[in-house]
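Welcome! Take a moment with the view below, then read on.

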Amino acid sequence: MEILQINKLSIGYGKGKRAKIVHEKLDAKMYAGELVCLLGENGTGKSTLIRTICGFQPALDGEASMLGKNLLQQSEKDLAKMAAVVLTDRVIVPNATVEELVGLGRSPYTGTFGILNDEDKQIVHTSIEKCGILHKKKERLANLSDGEKQKAFIAKALAQDTKIIILDEPTAFLDMPARVEIMQLLRQIASQSGKSVLMSTHDLDLALQMADKLWLLSAQKALLTGTPEDLLLKNEFQSIFQNRGIEFDNKTGLFRVGYDYNMEIPVKGHGFEYVLLRRAFARNGIKTIRKKDEDSQWLEVCRNGKLSFKYFQNGECIGQEESIEDVLALTLKL
Amino acid sequence: MIHKLGRISIVMTLATLLLAFLVLLNLVLGSIHIPISEIKAILFTGDEANRIFENIILKTRLPQTIVALGAGMALGVSGLLMQTLFRNPLAGPSVLGISSGSSLGVAFVMLFTGNILGFTFTSLGGWGDFAVVFSSLIGAGLVLALILFISHKIGGTLSVLIIGVMIGYLSSSLVSLLKFYSPEEDVHNYVIWGLGSFSRLTSDRALMFCLITVIPSLLATFLSKPLNLLALGDRYAANLGLNIKRARFFIIAFAGFLTAIVTSFCGPIIFIGVAVPHLAKLLSKTSNHFYLILNAALLGAATALLCNLIARMPGMEQEMPINSVTAFIGAPVVIWVIWKRRKENRLE
């Protein structure tokens, strides 16, 4: 089922002649139960796109519609029941507990004083449970870790009971385990509840593994959409990220740092030790090449019994070290 | 939740009891001690009471108590609304520039007329009081209208705050200009006005004042849902279905009205509006503005009554100006709260 449709959307700031257009004619679609990651370098307009879809800033042209209704023409009240957001804003609410925050997620449905009925309370409870912080239900937000706080805000978005949840960089400021946890949680929400989740992120490796679709936003190519695998096959990452001395490795889905080499050295060896040695040398501007028969001087990774790195010249061992640090120092000296 | 509601109701019950106790103390204590039995006779049973006591109670202490109660309540609530709207712990009723507008209005009447028309204001007697209140209301009303207009036209909450503060500076500069060219006696009167007082109203007027401060203060609970949402920031509030512009309009209108009324009848009372909301948050430990507003109302009234009591401590020849007392009590509270918050923020 198609949930969100973006049609020739132009995003940017200002009005009329003085409008500053960030992107023009963006097209994208999102289906029920999908986790979509919006990727792009800083300054390419990720946040602007997110804010426009959320209705925080007007679109310059085109439309974004959800289930056939134009999102950009809804009142706050109706929009609140269609899309829930989690923002990067660092919110400090004095005294608020997890339960109270998540309870505010029911606001679009409550009356003048915002009092929760039994059904609301049940939804609040399950939302907190789904996010795995039930044990922190009565805890103050100020006493939570960054990851737990983010989960509390995701629970708030769940309690809002919308078809789509939009998150602006939910994994920023978090440490690695917390990032993975948040991504897993969002993955789970999309798969199990049938909600569509749209998130912007810089965590390319996690996005490649967990997202159903990626939206790649770049200055040159506007918005590219597709499954991570299709985009890899089409080599789209390479073209988007290739400037600034970084290379994208399609096989691993990781960025590789490009080095300037000023020295080459033949190395004999293989396996994990060799890979690590190569990386340490590359960092120091030394390129490791495979030892050929005619080389008179080479370095060898020996693993008979104990790990050691040996320097050979004309078949004789002229130096031996047992750690990469020492062999690197020796190499630079030679 | 039960535990929490328990805490809130305990705090509110205690605050109500404290308030009642302070009302009583305000009637009993002063340069002349009046026994409770006499007060009962004067106010409730209508029994024969000491004429002098009756005079003191009905003409001085009762109106003063009623005015302090209403003013404190209004300032506490108004300050809470401003702190939440602007998400700033140092915001208070004065940030919108409304009390400055009020001061400017009063300065205009007290100083400018004296200068131009060639009479000092004290010579006008009762009409003078009326003119002061009237000009103060006009000044406050004009600024409030301007701020509401700006908040409607301009998007950001921060811009409203900055413009409010700037209006404050502008009117202070006009006031100092007026002061500079005014006769000393007028300036002295103006300074006295600026020190604030709860004893400028007669019994009937005090009752009126109390009604038009207490009722809107309690009605402000209708703003509790928008305030709860605004505490999350404008964007989250909007995403939860709040019409930000309309909510901001009503919040400013309420807070502005309360501040304008209090300033016009009592002068610019400082610190109660900044300190009381912090006390309310600290004691009730809730983020729900329904309870926070009620708490700020009760604690505001209690604080004003306490200040009033200190201002005319028994054994003193003359009453102290109310603002020197409020600052003396309010400033340490604000420092203490900021200190505590600083510690908490480290966790956030």
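In which helix of chain B is the place of Ser224(B)? Ser224(B) sits in helix α9, which covers residues 224-230 of chain B. Please keep in mind that this is a predicted model. The points below start with that serine and then visit other places in chains A and B.

**Ser224(B) and its surroundings**
- Ser224(B) counts as buried, because its relative accessibility is 1% and buried means under 20%.
- A polar atom of the Ser224(B) side chain lies 2.6 Å from the backbone oxygen of Thr221(B).
- Setting aside residues up to four places away in sequence, Ser224(B) touches Phe113(A), His289(B) and Phe290(B).

**Thr48(A), a threonine in chain A**
- Look for Thr48(A) in helix α1 of chain A, which is made of residues 46-54.
- Thr48(A) has a relative accessible area of 6%, so it is buried.
- Apart from neighbours within four places in sequence, the contacts of Thr48(A) are Ile11(A), Gly12(A), Tyr13(A), Val22(A) and Gln57(A).

- As background, most residues other than glycine have a negative phi.
- Lys25(A) has a positive phi, near 50 degrees, and is not a glycine.
- You will find Lys25(A) in strand β2 of chain A, residues 20-31.
- With a relative accessible area of 54%, Lys25(A) is exposed, because exposed means over 50%.
- Lys285(B) also is not a glycine and has a positive phi, about 50 degrees.
- Lys285(B) belongs to the loop of chain B that lies between α12 (272-284) and α13 (289-311).
- The relative accessibility of Lys285(B) is 25%, so this lysine counts as partly exposed.

**A nonpolar surface patch on chain B**
- Leu158(B), Ile162(B), Val165(B), Met166(B) and Tyr169(B) make up a nonpolar patch on the surface.
- Together, these residues have about 500 Å² of accessible area.
- One of them, Val165(B), is in helix α6 of chain B, which runs over residues 157-180.
- Val165(B) counts as partly exposed because its relative accessibility is 31%.

**Domains of chain A**
- The domain assignment gives chain A a domain 1 made of 1-82 + 192-243, and a domain 2 made of 263-333.
- Taken over C-alpha atoms, the centres of domain 1 and domain 2 of chain A are 48 Å apart.

Conventions. Residues numbered from 1 in each chain as written. Chains lettered and ligands numbered in written order. Predicted model: local features only at pLDDT ≥ 70, side-chain atom pairs only at ≥ 80, totals over all residues. Heavy atoms only, no water. Helix = DSSP H or I, 4+ residues; strand = E, 2+ residues; numbered from the N terminus. Buried < 20%, exposed > 50% of the residue type's maximum accessible area, 1.4 Å probe, protein only. Polar contact = N/O pair within 3.5 Å; in protein donor to acceptor, adjacent residues only side chain to side chain. Contact = heavy atoms within 4.5 Å. Domains from an automatic or database assignment. Patch = residues over 30% accessible without salt bridge, like charges linked within 9 Å, V, L, I, M, F, W, Y side chains within 5 Å. Areas by Shrake-Rupley, 256 points an atom, 1.4 Å probe, with all protein chains shown as cover. Salt bridge = Lys/Arg side-chain N within 4 Å of Asp/Glu carboxyl O.
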